[in-house]
Amino acid sequence: MKVSYLLSKEIASRMPLVHPPEPRKDLLLSGPSQGVYIGKTRFMHTPVFWNPSKLINPHIGIIGITGSGKSYTVKTFLTRASLIWNTNAIILDWVGEYENWVRQAGGKVINLARERLNVLDLVGLPKNNRIKQIISTFDILADLKSYPNERDEIEEALEEVYQSTAAQKKKPTLFDVVKILEGKNKKKAARLLKRFTVEGSDFFAGTSTLDIKELTTSGLVCIDLHELPTEEVRSLAGLTILQYIKELMRAEGMKKDNKSIRLFVVLDEAWKIAQDERSDVITIVREGRKYNFALIIATQNPTDMHKTIFSNTGSIFILRLVLREFRDYVRNSIGYSRFVDDEIGRFGVGDAAVNMIFAERQSRVMTFLMDKIDGEEPLLIYKIKVDDMNLEIEREQFVRLLYEFGLNEGQLNILKAAFEKGDGTLDGEQLVSVLEKFGYSKPSIISFLRQLGVDEKTLIRVFSLVKMRKASKGVVNVVLEAQSGVQ
Ligand SMILES: Nc1ncnc2c1ncn2[C@@H]1O[C@H](COP(=O)(O)OP(=O)(O)OP(=O)(O)O)[C@@H](O)[C@H]1O
Ligand SMILES: [Mg+2]
């Protein structure tokens, strides 16, 4: 009672304007060797340190539209955590966007498309446990639950393969499992697994060339999944590697010194495996501190994250979100005020609302607004202006998106010059006019602007401004000329 009285008095004296409450300072502040500095709160400017010993668990969720700063936040965490605690990190890179950074930072990049990872490896687990994990993986990826008979047959074949190969002193692979099923004329069950053994998709069927255990202590490691042929194969890779890491970390047991983080595992854009309730991602988050490593899950689409992740993750960073559906999903899952939700819709690059679940349950404030995540790189921002609204986008990101959109070097330069002329700001309708001049159709410009995070209302406004400008061009000129004539 007394504390909250003092606090509210302090807040009142420092903030003449009403603003949403922020967590107590002692929960946010830590010594530089105890926590990762991430920036300052928006209203009280309290430095925010991510200190896992103050949180219910060390797991982190990051959501936001493309270009909002998810990967940047991940990189900031990994860089600083490695300086403080000498942490190792394994990044499961779905789209291949960490490769350069990891190389520059002196880390190791592994292109999984050139490796083999045997899903039947036991990684120290009793074989029955591993069989359960494999079956649950195929439940998620091959929808095995819909084929209960084949599910049983595959389970039996897995049991058999461990026995028969143990007798021959060799390691079983998926090829052996398919062979057993075919030998028993279980054609449908064999077919369900065969998509992971055909040439080009057989990354999980041979003898492993990767030593996951070694990778958990190898500093910064990027496992690049983007050259794998399908989303399904990428998901199988992600899930399998995560299961191995989980088992290895469990086997090591909890360290007494629970304050520092020894390994980060990053899943960036891990759609399917963070969505399914049976996935190990959910187990890890739910079981909190048990595994001695921290999971960082980042995604553009919050509905890819199961609600359990939102309610159990120690820290969630909500960066810019535009779609109503996504914003409602996150707000309902976390539960913050409409004010915070409105701000999230207005965020620029790197702005964040942070939800932290502190170990000390007295803390009632869990979601607060931050200034930009305070990372290492300078921020070169372009602004697209519509009426009195500014959409911020980081310059390099914007240029990349324009390039992907199909602009050539000359066109990029024209557009860059237009921004530079306005000191980094360009009117939305001017941007549309330039793109139209380059030959882009209205629908393709609309989808490009949506990708930048322009909401529907603003889109309509921009196009009505373009229309007005076109319709009134002659008129405006005439009026202006007439006016100057009068003077
Ligand atoms: N807090 C920040 N401070 C400075 N620069 C930032 C910040 N956040 C992001 N940026 C810059 O903005 C650009 C886009 O950020 P980033 O690549 O992290 O976006 P993202 O959310 O991961 O996008 P995508 O979903 O497309 O992967 C990058 O060039 C990055 O350097
Ligand atoms: Mg990214």
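Helices α5 (residues 127–141) and α6 (residues 148–167) pack with their axes within 10 Å and cross at roughly 145 degrees. Helices here are DSSP runs of H or I with at least four residues, and strands are E runs of at least two, numbered from the N terminus. Axes are lines fitted to C-alpha atoms over the stretch in contact, with angles running from 0 to 180 degrees between N-to-C directions. From α5, the contact uses Lys127, Ile131, Ile134 and Ile135. From α6, it uses Arg151, Glu155, Leu158, Glu159 and Tyr162. Contact means C-beta atoms, placed from the backbone, within 7 Å. Five of these residues are nonpolar, none polar and four charged.

This is a predicted model, in which local features need pLDDT of at least 70 and side-chain atom pairs need 80 or more, while totals for chains, interfaces and linings use all residues. Residues are numbered from 1 along each chain as its sequence is written, chains are lettered from A and ligands numbered from 1 in the order written.

Now step back to the whole chain. Its secondary structure comes to 20 helices and 14 strands. The C-alpha atoms fill a box of roughly 100 × 65 × 40 Å along the principal axes. An automatic or database assignment gives domain 1 (19–108 + 263–370), domain 2 (127–194) and domain 3 (381–486). The C-alpha centres of domain 2 and domain 3 lie 56 Å apart.

What share of the 487 residues is buried? The figure is 38%. Buried means 20 or more other C-beta atoms within 10 Å of the residue's own, exposed means 12 or fewer, and partly exposed lies in between; the C-beta atoms are placed from the backbone.

The largest nonpolar core has 109 residues. Such a core is a set of buried Ala, Val, Leu, Ile, Met, Phe, Trp, Tyr and Cys residues joined through C-beta atoms within 7 Å. Helix α10 (residues 231–252) gives the most to this core, with nine residues. Domain 1 and domain 2 each supply at least three. A second, separate core of 14 residues includes Leu391, Phe398, Leu431 and Leu435.

Ile91 is among the residues touching the most other members of the largest core. Beyond four places in sequence, its contacts include Val221, Cys222 and Ile223.

Ser30 sits in the loop between α2 (25–28) and β1 (36–40). Ser30 counts as partly exposed because it has 18 C-beta neighbours inside 10 Å. Its contacts beyond four places in sequence are Gly35, Phe49 and Asn51. The C-alpha atoms of Ser30 and Asn51 are separated by 7.0 Å, with the two residues 21 apart along the chain.

Technical notes: Two residues are in contact if their C-beta atoms, placed from the backbone, lie within 7 Å. Ala, Val, Leu, Ile, Met, Phe, Trp, Tyr, Cys and Pro count as nonpolar, Asp, Glu, Lys and Arg as charged, and the others, Gly among them, as polar.
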